[in-house]
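The sequence and the model are shown first.

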Amino acid sequence: MCETLDNAIKYGLDFINKGNTASYIPELRKVDPHQLGISILQSDGSSLSSGDYDRKFTIQSISKTVALMLALMDRGQEYVFDKVGMEPTGDAFNSIIKLEIRQPSIPLNPMINAGAIAIDSLIEGNDINHKFNRLICFFRKICHNDSLWYNEKVYLSEKATGFRNRALANFIKDSGVLEGEVEEVLDLYFKQCSIEIDCRDIAMLGAVLAMDGISPITGKTLISKNICRIVKTLMVTCGMYDASGEFSIKVGIPAKSGVGGGIMAAVPGKMGIGVFGPALDKKGNSIGGIKVLEYLSCEMDLNIF
Ligand code: DON
C-alpha cells in the first residue's frame, strides 16, 4: 500500500503546475506551491504517509467540520439548522448572492463562509477567548494532538484583508442569523481557519468521522454517530463547494477542502485521509490533492457509491 501512496503522489505532481496558491490571503500567497503530501489512518489505528505529509499548513475551511460538530453538541440539531440550511449552493465558497435573493435569508449550508461564520456565533462560551479555547481543545481531542495552535501571521493576514467575510457577517447579523458581535465572531472564525496542522492531523479527523465518532487509537467515543453522519453528508453535498458534484463522481468519498491546500476525507468504516497540496484550482480546491484522491479511490476501490 505504501507504493500506492507514492504512486498517487507521483500522479498528482503532474497537475500542480496548473494551480496557484490562495492569492486573496497575502500570507497564503507566499506558500511554496510545489508541495504534495498524503497520510492515511486506517480503522485499526495503523497509518501510512508519503510526500510532504509532515509540512505544516493552515486548516482553513476544513475547520468548518469541527466547528459544526461543536455547535451541534452545544445547541442541538434543530437550533443549528434553524439558523443555517442543509443545501448546496452551486456558488463559490465566499459568495453573497443567495443571502439576498432567497427567503428566509439564512446561509444555505455550514460549509460556505457565510454558514461557517453563523455556526461560529453559536459556539458556547463566556467570551471570544473562552469560545476559541473550547474549539481548540475539541480539535486537539479529535486530532489526538495537544500541540495544535493557530498561525499568528495567517490569522492577522486574514483579519486585515477579510473584507468579503466582514460583508457576509454583517449581512447575516442584519438578518438576525449571527448571534453576538460581528467582529468577535469574525475573530473566532479567522483564528479557527489559521489553525496549523499537517496531513496526519486531518487524516485523524477523517478517521474519527469514518468510524462514526470512535477514535481508532483509543476506542473511545468522541462524537455521536448522528453528528458524524450529518457532517459526512454535508461533506458529500457541499464539502468541495461548487465542485462537489464532480468530486463525488470522480472520487466518491466524503471530503472537505481548505484554501490552505488541505483536503480531509473520510472513507466510512475504513479510513481517514489527509492530503496537502497548496496549488489550488479556480474553485479554491487543491488541484494536486484532488488528483491524488482520484488515483487512490480508483486503485483502492474507495468510492462509497
Ligand atoms: O474565509 C476564507 O476565505 C478562508 N479563511 C477559508 C476559505 C476556504 O478555505 C475555502 N476552501 N476551499
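Which residue in strand 6 stands opposite Ala255? In this predicted model, Ala255 faces Ala265 of strand 6.

**The sheet**

That pair belongs to the contact between strand 5 and strand 6 (residues 262–267), which run antiparallel and are joined over 3 bridges. The open sheet as a whole is built from 5 strands in the order 2-1-7-6-5, with antiparallel pairing. Strand 2 (47–51) and strand 5 (255–257) each have a single partner strand and stand at the edges, so one side of each has no neighbour in the sheet. From one strand to the next, the twist averages 10 degrees.

Helix 1 (residues 2–13) packs on the sheet, where it touches strand 1 (37–42) and strand 2. The direction of helix 1 makes about 30 degrees with that of strand 2.

Strand 1 and strand 2 are themselves paired in the antiparallel sense, over 5 bridges. Within this pairing, Ile40 has Leu48 of strand 2 as its bridge partner. The two strands, 1 and 2, form a hairpin with 4 residues between them. In the turn of that hairpin, Gly45 has a positive phi of about 90 degrees.

**The ligand site**

The ligand is surrounded by 14 residues, of which Tyr24, Gln60, Ser61, Glu158 and Tyr189 are the closest. By residue class, the shell around the ligand divides into 6 nonpolar, 7 polar and 1 charged.

| Ligand atom | Side chain (N or O atom) | Distance |
|---|---|---|
| Oxygen | Asn113 | 3.1 Å |
| Oxygen | Asn165 | 2.8 Å |
| Nitrogen | Tyr241 | 3.4 Å |

Taken alone, the ligand exposes 340 Å², and the protein buries 99% of that area.

**Glu27**

Glu27 lies in helix 2 (residues 26–29). The side chain of Glu27 is joined to that of Lys30 by a polar contact of 2.6 Å. Which residues does Glu27 contact once its neighbours within four places in sequence are left aside? These are Lys153, Val154 and Ser157.

**Summary**

The sheet is open and antiparallel, with strand 2 and strand 5 at its edges. Helix 1 packs on the sheet through strand 1 and strand 2. In the ligand site, the side chains of Asn113, Asn165 and Tyr241 each place an N or O atom at the distance tabulated above.

How values were computed:
Residues numbered from 1 in each chain as written. Predicted model: local features only at pLDDT ≥ 70, side-chain atom pairs only at ≥ 80, totals over all residues. Heavy atoms only, no water. Pairing = 2+ DSSP bridges. Axes fitted to C-alpha atoms, helices over the stretch in contact; angles between N-to-C directions. Contact = heavy atoms within 4.5 Å. Near = heavy atom within 4 Å. Polar contact = N/O pair within 3.5 Å; in protein donor to acceptor, adjacent residues only side chain to side chain. Areas by Shrake-Rupley, 256 points an atom, 1.4 Å probe, with all protein chains shown as cover. Nonpolar A, V, L, I, M, F, W, Y, C, P; charged D, E, K, R; others polar.
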